[in-house]
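Hello,

Here is the structure I said I would pass on. Please have a look at it before reading my notes.

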Amino acid sequence: MKGPTLRAFAGQALLERLQRMLKESRGVRLGQDPECLHRMRVASRRLRSALSLFESLFEGKETRRWRREVGGMARALGDGRDLDVQIQYLETFIADCGDRGLRPGPERLLLRLRQRREGLQRTIVSSLDAFFDGPTPSAMAEAFRGLLERDFLCGAPKEDDLGDRVAEALFPLLARLLSFSGSARCPEDVEGLHSMRIAAKRLRYAVEIFLPHLGEGGEPLLDEVRSLQALLGRIHDDDVWIAFLPDFIDEERRRTVAFYGHGRLFPRLLPGLEALERAVAADRTRTYEAFLDRWEELEERGFWSDRIGAYRTEGEVERHESDPDQ
């Protein structure tokens, strides 16, 4: 039986991702379950990824505008998610802290983060209202259904290129990820590892979309990219803590002096905050070592070269060599 056309495949994939994003909007507005925000943020990223992959199926510049609008909402969701992750990490750190003398500093930090998160909730709700009360969600849904409708009415085009689009999409994303091989071996390259995480995320979303058409190699690729993204994500979270904590300590010291008129009470906060810094640094080292071991093991067994060979086509090579900005 013949598989779906590119048009039908894209319409269904886009609709599913839009609907998953819509499904979480009520829970995000309530602000009671951090996982609602997490799922909506991921859904918005997957939708933007799919819009980029299937942009050529739409007329004009509407998909670029849609991506910008979804991206604006996603940034507010991302700020909230970052705070949720830090709050959850601190709650675990405090609960596992056997020395009660180390708790005051992390507890003060937890208070500040919760206050910030509460204030941010209003911004998140306003961002959702601006997006969902506007014309974009219904316009996107209508356009995505239009792809399916045209497929029913017109049937498959003479030359359907779903198979070519798979290689077309995955080859540059895979090449982008592999371009960070040097960063993978440099633990101090914070910016490079962060960019590598983004490259892994984008490749993962594309693999998820095209998974039914990747054959037996699809699941292993998705598993490995998902694992690498998780490790790089944890490294990034630790790097955010490492950059943030010294500034927080200085700010909280000044705030304590301003409130009490002296700094004699601040030293009781410092031991726990310094213990948190050490814990984050140790976690960063362990996670980076686990990531590097996994990356080098994949390289040694030719995992990436096999995928490059599978997804590189002569047309793709010629297209990217003729356009160095791709």
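Below are the notes on the fold, the surface and one patch.

This is a predicted model, in which local features need pLDDT of at least 70 and side-chain atom pairs count only at pLDDT 80 or more, while totals for chains, interfaces and linings use all residues. Residues are numbered from 1 along each chain as its sequence is written, and side-chain values use heavy atoms, without hydrogens and water.

Fold. The protein has 13 helices and 0 strands; these are DSSP runs numbered from the N terminus (helices H or I, at least four residues; strands E, at least two). Its C-alpha atoms fill a box of roughly 80 × 50 × 35 Å along the principal axes. Of the 326 residues, 46% count as buried (under 20% relative accessible area, 1.4 Å probe, protein chains only).

Patch. Phe-259, Tyr-260 and Leu-265 make a nonpolar surface patch of about 340 Å². Patch residues have over 30% relative accessible area and no salt bridge, with nonpolar side chains (Val, Leu, Ile, Met, Phe, Trp, Tyr) joined within 5 Å and like charges within 9 Å; a salt bridge is a side-chain nitrogen of Lys or Arg within 4 Å of a carboxyl oxygen of Asp or Glu. Leu-265 sits in the loop between helix 10 (218–260) and helix 11 (270–300). Leu-265 has a relative accessible area of 36%, so it is partly exposed (between the buried limit of 20% and the exposed limit of 50%).

Regards

Methods: Accessible areas come from the Shrake-Rupley method with a 1.4 Å probe; for residues, only the protein chains shown count as cover.
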